[in-house]
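Subject: The structure, and what turned up in it

Hello,

Here is the structure I promised to pass on to you. Have a look at it first, and then read on for what was found.

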Amino acid sequence: MSQYQPPIADIAFALEHVVGYPDIANLPGFEHADLDTVVELLEQCGEFMAEAVAPLNQQGDTQGSQLQLDGTVKTPDGFKEAYQQYVDAGWGSVPLPEEYGGGGFPRTIGLAIQEMFNSANLAFSLCPLLTQGAIDALLHYGDDAMKNRYLPKMVSGEWTGTMNLTEPQAGSDVGALTTKAVKNDDGSYAITGQKIFITYGDHDMAEQIVHLVLARTPGAPTGTRGISCFIVPKFHINDDESLGERNGVQTVSLEHKMGIHASPTCVLSYENATGYLIGEENKGMRIMFVMMNAARLGVGAQGLAVAERAYQQSLEYAQQRQQGLAIGATGTSSAIIEFPDVRRMLMTQRASIAALRYLMLLDASYVDHSTNDPDPAVRARADEIVGLLTPICKSFGTDLGNELTSLALQIQGGMGFIEETGAAQHVRDVRIAAIYEGTNGIQAADLVGRKLGVRGGASVLEFLATMREIDTDLAAAGADFAGIREELDRQFAALETATHWMLRTGQGDPNSVLAGSTPYLRMWGLCTSAWMLARAAVAAAKTDDARLANEQLVLARFYAQQLLPACASLLGAATAGAEDLFALDANSLAGTGHKVRS
């Protein structure tokens, strides 16, 4: 496995020239986070990730986390020590509130840190990601006593957090959960039930784990309306804030997974465990969505991050691997980077990764405007755009994570298929991201079912109009940008056609809208990516860096000409309706001569 090189220059260019970070640094509360300061901070963070975290990636995959005979979980060698270094350096606290010991930096910078962390070691980075989701939930819904008790040590990373949603019988249908919470005389609750797929549900890297658990109180309404959310700490906390006896939560088993072997995915059993209600009874879904929405952009960044790590390895291999003789070359062999199809795969990775980085950081920048802009109207509009971009970032980002890591392996040929090279690990590790925090099908359903209807469709149409404004900049940039301009116009038209169809059809035939939701979301991913690359190319042309300007122009042109045209080809699928999806019964789907078991 090649050594990870943090893409600091690419991130810095994105912040300064593409997503408007200087404007974020001028928002109230972010005055200390000017561009020069954050670039220096990211350089230091990148060094830490490359030197302390990345070398553990392949070893962690091979060794995995192990459930011990006493019911505890041991992480791979070096993880506990590296996590302590991470806590001591304070990297997890950078984008968190100063009130609880955080750095108070913008979410945009937190996302840049997450990208490097995910690239260095995805399995390792999942623990802080889940902790941040739990922190966000407590910030929004915890009372002052709860915040003061838990947040300082969670923000520092001394304590970690989890999200306990899924149950064996429920899956993505959270409303079907059966874990029960019975109120005790002292106001606490006795939590009983089983949760599955709990990332870092137990481990040895921190002294305390703060579980956020969804459960149902006696007499609660059925479905999602009757769900409440509770804090269930691994250890009881004494009055003097020291840790006491073990709470009634145990690890039953660890899942044997396709990838992220170092991350312990636990089955947890709660037997009259003491829990504390967050907010009010039956408001658990609101709290869950705070956790999940905070995590969804971070999961999208996982697709970007692992694709970046895989790309670096495939590029290095393509430069070193000698095989065959390229057209026009002399000698006995050429590096495979000289062959057109290998160049196509490398360029697809390079352009797609750049586009995803710009798109993820743009979404994060709107998060910062939604929380810190002094103008209420700007905050409200930014929040709408976050709602639109987040399912796109999560779904398109993780879909491309799968596709780009597969391309990286393809470049390495048979050697890529050999586990020792590490290329296969990237493919295996990133596969879960399309399932995390609501599958990508759920993201597509969220886009068409919730986000398109905001203000009767006006919100999404306004954003499409904003994207179209790039036409003026491209026209002014000169003849080199003409091809990008023309293709963007064609593909924006296809996306607009699909959007108007979705808005019309959704009123009377929601099933048909859902049937086309995944190709429709893909159209959005392609168009927003091409739009961001065009913005980057225009911005780079205005700098005094000729090499940068040429690189950004080529990436934008390549994407527009070779990847973006797929958008219009998806229009038929997005608007085909649901009839054929349900035209065959289960036996017909099984094929001639086969019967589905009853």
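Which helix gives the most to the negative patch? That would be helix H3, residues 35-53, with five residues. Before going further, please keep in mind that this is a predicted model.

Glu51 counts as exposed because its relative accessibility is 62%, and the cut-off for exposed is over 50%. While you have a helix on the screen, here is a general point: an α-helix has 3.6 residues a turn, so residues three or four places apart point the same way.

Helix H6 covers residues 107-120, 14 residues in total. From the first C-alpha of H6 to the last, the helix reaches 20 Å, close to the 20 Å expected at 1.5 Å a residue. Is H6 largely enclosed or largely open? Helix H6 is largely enclosed by the rest of the structure, because 14 of its 14 residues are buried.

Ala137 is found in helix H7, residues 122-141, and counts as buried because its relative accessibility is 0%. Between Ala137 and Ala515 there are 378 residues of separation in sequence, and in space their C-alpha atoms are 32 Å apart. Ala354 is found in helix H10, residues 340-372, and counts as buried too, with 3% relative accessibility. How far apart in space are Ala354 and Ala14? Their C-alpha atoms are 8.9 Å apart, although the two residues are 340 residues apart in sequence.

For another pair to check, take Gly78 and Arg381. They are 303 residues apart along the chain, and 45 Å separates their C-alpha atoms. Gly78 sits in the loop between strand S2 (73-74) and helix H5 (79-89). With a relative accessible area of 26%, Gly78 is partly exposed.

On to the salt bridges: a search of the whole structure finds 21 of them.

- Arg381 and Glu462: their side chains meet in a salt bridge at 3.9 Å, N to O. Arg381 lies in helix H11 (residues 376-411) and Glu462 in helix H15 (residues 458-468), so the pair ties together parts that are 81 residues apart in sequence. Glu462 counts as partly exposed, at 35% relative accessibility.
- Glu419 and Arg428: the side chains meet in a salt bridge at 3.0 Å, N to O. Glu419 is partly exposed, with a relative accessible area of 39%, whereas Arg428 is buried, with a relative accessible area of 14%.

Which residues do salt bridges that share partners join into one network? They are Arg381, Glu384, Arg455 and Glu462.

Lastly, some backbone angles for you to inspect. Ile260 has a phi near 40°, a positive value in a residue other than glycine. Ile260 lies in the loop between strand S10 (249-254) and strand S11 (265-277). Is Ile260 buried or exposed? Ile260 is buried, because its relative accessible area is 4% and the cut-off for buried is under 20%.

Glu437 also has a positive phi in a residue other than glycine, here near 55°. Glu437 is found in the loop between helix H13 (423-430) and helix H14 (440-451). At 13% relative accessibility, Glu437 counts as buried.

Happy browsing, and do write back with any questions.

Best wishes

Methods:
Residues are numbered from 1 along each chain as its sequence is written. This is a predicted model: local features need pLDDT of at least 70, side-chain atom pairs count only at pLDDT 80 or more; totals for chains, interfaces and linings use all residues. Side-chain values use heavy atoms; hydrogens and water are left out. Helices (H or I, at least four residues) and strands (E, at least two) are DSSP runs, numbered from the N terminus. Buried means under 20% relative accessible area, exposed over 50%, partly exposed in between (1.4 Å probe, protein chains only). The expected span of a helix is 1.5 Å times one less than its number of residues. A salt bridge is a side-chain nitrogen of Lys or Arg within 4 Å of a carboxyl oxygen of Asp or Glu.
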